[in-house]
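I opened a new page to note what I looked up in this structure. The entries follow in the order in which I made them.

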Amino acid sequence: MPKLKTRSGAKKRFQVKKTGKVKFGKAFGKHLFTHAKSQKLKREHRGTGHLKDMDAKKVVKEMFPYGAN
């Protein structure tokens, strides 16, 4: 039986932590903050976040066939 491959897109976007949580980079934070965005929006989209448990389970199951890392 051949080895299963990890989805390369998921590899670049998600990081599965030891606790089972999945870390991701927040969207909309690259170049559109130069004009017409509120401070609250800028603050909330900064940095990284963790997926909800239900979504994390799906990502690990479908995108990482051998689990984390």
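Before looking at any residue, I wrote down the exposure classes: buried means under 20% relative accessible area, exposed means over 50%, and partly exposed lies in between, with a 1.4 Å probe and protein chains only. With these cut-offs, His50 is partly exposed because its relative accessibility is 47%.

Entry on the source. I noted that this is a predicted model, in which local features need pLDDT of at least 70, side-chain atom pairs count only at pLDDT 80 or more, and totals for chains, interfaces and linings use all residues. Residues are numbered from 1 along each chain as its sequence is written, and side-chain values use heavy atoms, with hydrogens and water left out.

Entry on confidence. I looked up pLDDT, the predictor's confidence in each residue, from 0 to 100. The protein chain has a mean of 86, and 93% of its residues reach 70 or more. Helix H2 (residues 39-44) has the lowest confidence, with a mean of 84, while S3 has the highest, at 95.

Entry on the elements. Helices (H or I, at least four residues) and strands (E, at least two) are DSSP runs, numbered from the N terminus. I found three helices and three strands in the protein chain. Read from the N terminus, their order is α-β-β-α-β-α.

Entry on the sheet. I noted that strands of a sheet pair through backbone hydrogen bonds, either parallel or antiparallel. Two strands count as paired if DSSP finds at least two bridges between them. Here the three strands make an open sheet in the order S1-S2-S3, with antiparallel pairing.

Entry on the pairs. S1 and strand S2 (residues 22-25) are antiparallel and joined by three bridges. Phe14 stands opposite Phe24 in S2, and Val16 has Val22 in S2 as its bridge partner. The two strands S1 and S2 form a hairpin with five residues between them, and Gly20 in the turn has a positive phi of about 100 degrees. Three bridges also join S2 to S3, again antiparallel. In S3, Gly49 is the bridge partner of Phe24.

Entry on two residues. I used contact in the sense of heavy atoms within 4.5 Å. Phe24, in strand S2, is partly exposed, with a relative accessible area of 23%. Apart from neighbours within four places in sequence, Phe24 is in contact with Arg13, Phe14, Thr48, Gly49, His50 and Leu51. From Phe24 to Glu44, 20 residues apart in sequence, the distance is 14 Å, C-alpha to C-alpha.

Which residues does His50 touch, not counting those up to four places away in sequence? I listed Lys21, Val22, Lys23 and Phe24. His50 lies in strand S3. Its C-alpha atom is separated by 22 Å from that of Gln39, eleven residues away along the chain.

Entry on the whole chain. Of the 69 residues in the protein chain, 13% are buried. The C-alpha atoms fill a box of roughly 55 × 20 × 15 Å, taken along the principal axes. Among contacts with a separation of 6 or more, 56% join residues 24 or more positions apart.
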